[in-house]
Amino acid sequence: MDAILLVEDDNMLGRALSSALGQEGWRVVHCKDVASARTALVDHAFVVVLLDLGLPGGSGLEVLSTMRSRYDPTPVLIITARDQLSDRVRGLDVGADDYIVKPFQRDEMLARLRAVLRRSRGAVTPVLRWRDIEIDPAARVVTRKGQRISLSAHEFRLLLALFESRGRVLSRDQLQDRLYGDDTEIGSNTVAVFVHQLRRKLGDDVVVTELGFGYRLGDEH
């Protein structure tokens, strides 16, 4: 069963939306704040995200920005009580696929959701290439010399971060933020462990350590 992430701190609205979506055949994961939403997005794959902007612990725009920085193409429908044009523009600029303003009718929400899903299925996310390695962000597939390489979710996100920032050094803290979000406590050597795994699977030169600074993608040649 396809899963939808609902990020909404209003309990009554959250229950109503969960019920409506469940009746349409979707499984709903309901989060009520920024931290739990980030965790859910790390641990699970969703067909669409319904995202409120005003949340405990930050803004829904932070969740959306983190998703897009990781090349997460999951479609996002923003649901919010804020009806000012500037808020709509900010959400769309950050990477939202559509916008609906509270209060709204159930049928309108479902229709917008279906439209977002139709558009996303026709969208094309460019394949990223470095030497003989290719990453398809939408399919979450990595190949080397045409052979598929099995990576964990965290290894995949780390490799994406390095590809996106090729030519630049990323500190351990920056990489941790890309992997988990800046409000998650993890072990100090976690990034180093994932770097080791990437080197083992893709080659020692795929990640270069800049002592005292961090890591970068290897040279093109």
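Predicted model: local features only at pLDDT ≥ 70, side-chain atom pairs only at ≥ 80, totals over all residues.
Which residues point one way from strand 13, which point the other way, and are they buried or exposed?

**Entry 1, strand 13.** I looked along strand 13, residues 214-217, and found that Gly214 and Arg216 point one way while Tyr215 and Leu217 point the other way. I then checked burial and recorded all of these residues as buried. In a regular strand the side chains alternate between the two faces of the sheet.

**Entry 2, the partner of strand 13.** I traced the pairing to strand 12 (residues 207-210), which runs antiparallel to strand 13 and is joined to it by 4 bridges. Threonine 209 has tyrosine 215 as its bridge partner in strand 13. The two strands form a hairpin with 3 residues between them, and in the turn I noted glycine 212, with a positive phi of about 85°.

I next followed a sheet of 4 strands, which is open, has the order 8-9-10-11 and pairs antiparallel. Strand 8 (128-130) and strand 11 (147-149) each have a single partner strand, so one side of each is left without a neighbour in the sheet. From one strand to the next, the twist averages 25°.

I looked up the join between strand 8 and strand 9 (residues 133-136) and found 3 bridges, with the two strands running antiparallel. Leucine 128 has isoleucine 135 in strand 9 as its bridge partner. Helix 6 (residues 153-164) packs on this sheet, where I found it touching strand 8, strand 9 and strand 10 (141-144), and the direction of helix 6 makes about 110° with that of strand 9.

Methods:
Residues numbered from 1 in each chain as written. Heavy atoms only, no water. Pairing = 2+ DSSP bridges. Axes fitted to C-alpha atoms, helices over the stretch in contact; angles between N-to-C directions. Contact = heavy atoms within 4.5 Å. Buried < 20%, exposed > 50% of the residue type's maximum accessible area, 1.4 Å probe, protein only.
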